[in-house]
Amino acid sequence: MQTACQAVQHQKGRRQYNKLRNLLKDPRHDCTVFANEFHQHCYLPREKGESMEKWQSRNIYNAAAWYYNHCLGQMPVVMVTEDEDAIRQFGNETEGVFVISFKNYLDNFWPDLKAAHELFDSITQARRERESESQENHGKEYPEHLPLEVLEAGIKSGRYLQGTLNVNKHRAQLEAFVRLQGCGSKDTELQSDILIYGTKARNRAIHGDVVVVELLPVQEWKGRTVALCENETEDKAPADTTGDPMPTGKVVGITQKNWRDYVVTFPSKEESQSQGRNAQKVLVTPWDYRIPKIRISTQQAEALQDYRVVVRIDSWESTSLYPNGHFVRVLGRIGDLEGEIAAILVENSICAAPFSEIQMSEMPASSSKNPWQVKPEEVEKRLDLRDTHLIFSIDPKGCEDVDDALSVRALPRGRLELGVHIADVTHFVPANSYTDVEARARATTCYLADRRYDMLPSVLSADLCSLLSGVDRYAVSVLWELEEGSYEALSVRYTRSVIRSSYKLEYEVAQGLLDGDPGVLGDIPELEHLDEGARQKKVSELAWAISKLTEIARHARARRDRSGALELEGIEIRVQLDEKRNIHDLIPRQPLEVHETVAECMILANHWVAKKIWEDFPHQALLRQHPPPRQEFFTELRECASAKGFSIDTRSNKALAESLDKANDPSDPLVNKLLRSMATHAMANALYFSTGSCPEEEFHHYGLALDKYTHFTSPIRRYADIVVHRLLLAGAAAGPGKDHVSSSKDLEELCRHINNRNRAAQRAQKQSTELFQCMYFRDRSPETDERCVADGVIYSIRTNGVLVFVPRYGIKGAAYMRNKEGLVISCGGAGSCEWKPGSLHRSQGQITSTPTSGGSLTLRLFDHITVRILVQSSRCHADTIRLEILSNAPQPRAAREAAPSGAQLGRADLVKAVSQGAGEAQRAQEKGRGEVLEEEYREFCQTKGPSLYQLLEEIRELALLDVSTEARPEL
């Protein structure tokens with residue numbers, strides 16, 4: 001009802017009002033806003049002296065009574081309010097119009113929804129505790145935030161600065177940084193982030209909040225911590241571990257609170273006894289180090305000690321040291337694989353729910369007995385390439401969601417036609433359909449170490465949209481006519497098409513065909529039933545096509561190289577699954593030329609589509625920008641390179657690319673890999689944006705050295721590509737008209753949401769890999785198991801230790817040279833290390849340990865050392881990998897060669913062992929606990945079927961779509 005919406009804005013503010021509007025606009029909820037204030041019989045004028053709240057309640061009730069009579073009494077109308085006067089006044093006035101509190105609504109209409117009742121009780125108790133605390137505690141723990149109008153005026157004048165708060169997870173009690181945004185940052189000419197030192201200066205802001213800060217006087221500026229951090233909860237840093245002073249400030253206000261669901265752990269029984277007099281008030285510890293402890297009220301604290309639990313923050317008053325929140329639900333037991341995966345999903349707001357029935361009802365019918373087929377009337381509207389082009393895909397082994405396929409054929413006068421064919425997802429996913437709204441909310445497919453969560457239902461992603469071989473599929477094709485020899489584009493065509501892929505090749509098979517290896521022919525199932533003559537002809541055609549594609553890709557890459565394209569280093573892992581879709585192996589991707597061939601063709605298509613949609617929609621196109629990195633982020637890269645005698649020029653992408661190419665140590669190829677990894681780490685994330693939101697000179701993609709770029713080639717797993725497809729087809733008059741194109745403002749809001757979801761998916765993927773690594777090493781004896789000892793390379797020097805990369809497992813971790821007792825590391829004559837009293841001295845590119853007895857030890861950048869891999873367990877947080885220096889010499893060659901096939905088998909052992917171990921542990925636990933565990937789960941966890949809570953969860957996620965938040969960035 002219109003008046004109810006206006007009441008939310010009046011009482012809760014515009015941010016809550018905007019959330020409500022987003023919910024009402026979402027087609028999945030079938031909500032309708034009744035504009036009662038514009039209806040003759042439903043509007044009541046405000047009486048003289050009447051408060052706004054009383055008038056709104058009277059207006060809402062009047063409209064509810066009219067609507068009940070309008071429906072001829074066929075349907076009861078419920079008005080939910082916490083206004084006791086309104087309940088007394090209107091509760092019995094009209095039969096069939098119920099005016100009740102929310103608790104009465106739950107009791108009378110939903111008595112069996114136990115989870116909803118528990119959630120309501122938790123929220124009510126938290127509110128009572130907060131009100132009671134405010135009355136009891138008159139002292140201020142924090143200063144009050146400034147009013148919004150004062151903050152806005154201060155930002156405009158340049159007195160205050162606005163940005164997003166990022167807490168240092170290694171020094172959560174000490175360090176947070178604000179990255180500037182808006183006009184204030186231009187006026188101050190600051191070239192770095194602002195340090196917020198200590199929780200008092202943070203003034204109740206939580207990681208991810210958009211805050212307003214005031215700079216402190218220069219004499220009060222502090223430096224960031226440069227030591228390795230042993231204890232993330234320390235609230236004081238040693239004086240000699242900070243760097244040069246940097247701009248330092250304090251938070252004076254919060255313009256946007258980006259609170260979300262938080263995974264927490266209840267205190268153990270010993271900790272609970274030490275927390276205080278009131279057992280119902282409990283301080284729970286968040287899984288994320290960057291989030292402060294949260295006070296909640298619950299009577300289930302003892303029963304939930306061994307579980308990961310979800311809570312929400314309700315408020316943080318200036319009189320309280322900690323925020324107040326309420327219990328939401330239980331995820332699973334601490335340490336169990338499924339419970340820890342659930343924690344990762346919640347922490348990153350990843351949707352793991354199955355697609356709803358109404359979304360699945362939009363899917364075309366397809367079965368093994370009656371497979372889906374293209375429609376003749378649709379084929380007539382498209383370019384039919386089934387009989388004229390040799391089209392094939394090249395993908396990783398086991399790939400189901402085949403987004404793209406390639407073709408190349410000879411034209412007259414020596415010219416070639418290159419084709420990139422992309423799945424036409426938009427044909428099956430109309431704009432604003434239920435499936436489209438869900439895909440927009442998910443924004444991307446999320447890949448974890450052992451599973452994935454799809455953006456689209458599998459009937460589309462793995463079947464109807466997947467460009468599998470031997471079946472007809474709808475596609476969107478980009479076709480270039482290329483000049484002979486130079487492969488310069490003479491013309492380009494964008495069109496909807498219908499294709500039939502002839503081959504679904506794996507990368508290794510395509511590489512074998514490129515190299516002329518006949519041994520790979522047995523891995524091409526499409527050739528199995530051909531006679532020898534037909535087979536040789538087909539192989540010859542396919543090998544020619546792959547060879548020509550590779551030549552074209554080499555020329556395209558050379559053009560980008562001349563403009564300064566970067567070759568960055570990242571650890572890319574392929575998850576190998578068996579026939580039952582269980583994880584079988586984790587294999588680092590081995591570099592093959594066909595990888596570059598396919599990637600270069602996709603980059604070419606993305607670049608040309610970006611130019612096309614910008615020409616058609618100069619202010620409403622979705623492009624992807626990669627801004628130049630800030631020069632101070634390259635400091636560590638330059639220092640590390642200079643330690644090896646290399647000079648890195650970071651003034652431009654071209655200069656950086658040339659410098660990295662020259663920084664090559666023939667005796668140790670890992671040096672160049674680590675330098676490229678550091679360059680990658682210094683890069684900003686590439687981001688989607690609307691062309692109407694920034695000037696054309698900011699469109700540039702730094703890493704790819706292209707003036708315009710977008711994502712067009714993976715619509716099955718990225719929603720941005722779906723938007724780009726719609727823009728391309730609208731411009732080419734092959735899809736919905738230009739009137740349906742989003743405004744620049746709406747597109748920019750969508751881009752922010754997609755960017756946030758992409759970052760969340762990348763974090764979840766990284767955290768799941770770290771989880772498997774920790775679970776693999778956690779159950780092994782580091783003293784006796786040889787798999788816990790490995791060769792490591794030093795890539796960063798800190799004041800109390802070094803950072804080490806372990807190639808065998810792809811692990812990066814800290815190795816301390818001073819322990820908690822203040823002892824320093826010392827190496828004996830045989831190279832073995834032990835702890836002794838002494839001191840550490842850090843200098844350019846090296847660190848020296850000088851014990852009071854015995855010789856000193858100096859470790860330098862890129863030294864190879866032998867390390868033991870340990871797991872630092874934490875009851876409340878994710879476990880982490882720790883490294884212990886065993887020797888200042890490389891691991892003996894015999895031990896390295898005896899290791900199981902390098903990183904590949906190491907990671908295979910890792911994932912298989914963790915998966916099997918988790919399954920065995922779960923089965924043993926179920927057998928041992930039997931009905932007791934199930935009884936506890938029924939008592940304290942959510943129901944496994946549909947519940948009101950799940951509905952509220954869905955609503956909450958949609959309400960947060962307009963809220964912005966903060967691995968190798970995807971280019």
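This is a predicted model: local features need pLDDT of at least 70, side-chain atom pairs count only at pLDDT 80 or more; totals for chains, interfaces and linings use all residues.
**Entry 1: the barrel**

I began with the sheet that contains β10. I found that five strands close into a barrel, and I noted their order as β10-β11-β12-β14-β13. The pairing in this barrel is mixed.

Strand β10 covers residues 262-265 and strand β11 covers residues 281-286. The two pair in the antiparallel sense, over two bridges. Within this pair I located Val264, which stands opposite Pro286 in β11.

Next I asked which strands helix α11 lies across. Helix α11, residues 337-347, lies across β10, β13 (307-315) and β14 (324-333). I recorded its direction against β14 as about 140°.

**Entry 2: helices α19 and α23**

I moved on to a helix pair. Two packed helices are described by the angle between their axes and the distance between the axes, so I looked up both. Helix α19 spans residues 593-616 and helix α23 spans residues 719-731. Their axes come within 9 Å and cross at roughly 60°. The two helices are therefore oblique to each other. I also noted the handedness: α19 passes α23 in a left-handed crossing.

I listed the residues that make the contact. From α19 they are Val609, Lys612, Ile613 and Asp616. From α23 they are Val724, Leu727, Leu728 and Gly731. Sorted by class, the contact has five nonpolar, one polar and two charged residues.

**Entry 3: positive phi**

I then turned to the backbone. Most residues other than glycine have a negative phi. I wrote down two exceptions.

Leu72 is not a glycine, yet it has a positive phi of about 60°. I placed Leu72 in the loop between α3 (52-70) and β1 (77-80). Is Leu72 buried or exposed? Its relative accessible area is 69%, and exposed means over 50%, so Leu72 is exposed.

Phe862 is not a glycine either, and I found a positive phi of about 70° for it. Phe862 is in the loop between β35 (857-860) and β36 (864-872). The relative accessible area of Phe862 is 4%, and buried means under 20%, so Phe862 is buried.

Note on methods. Residues are numbered from 1 along each chain as its sequence is written. Side-chain values use heavy atoms; hydrogens and water are left out. Two strands pair if DSSP finds at least two bridges between them. Helices (H or I, at least four residues) and strands (E, at least two) are DSSP runs, numbered from the N terminus. Contact means heavy atoms within 4.5 Å. Axes are lines fitted to C-alpha atoms, for helices over the stretch in contact, and angles run from 0 to 180 degrees between N-to-C directions. Angles under 35 degrees count as roughly parallel, over 145 as roughly antiparallel, 65 to 115 as roughly perpendicular and the rest as oblique. A crossing is left-handed if the near helix is turned anticlockwise from the far one by less than a right angle, and right-handed if clockwise. Ala, Val, Leu, Ile, Met, Phe, Trp, Tyr, Cys and Pro count as nonpolar, Asp, Glu, Lys and Arg as charged, and the others, Gly among them, as polar. Buried means under 20% relative accessible area, exposed over 50%, partly exposed in between (1.4 Å probe, protein chains only).
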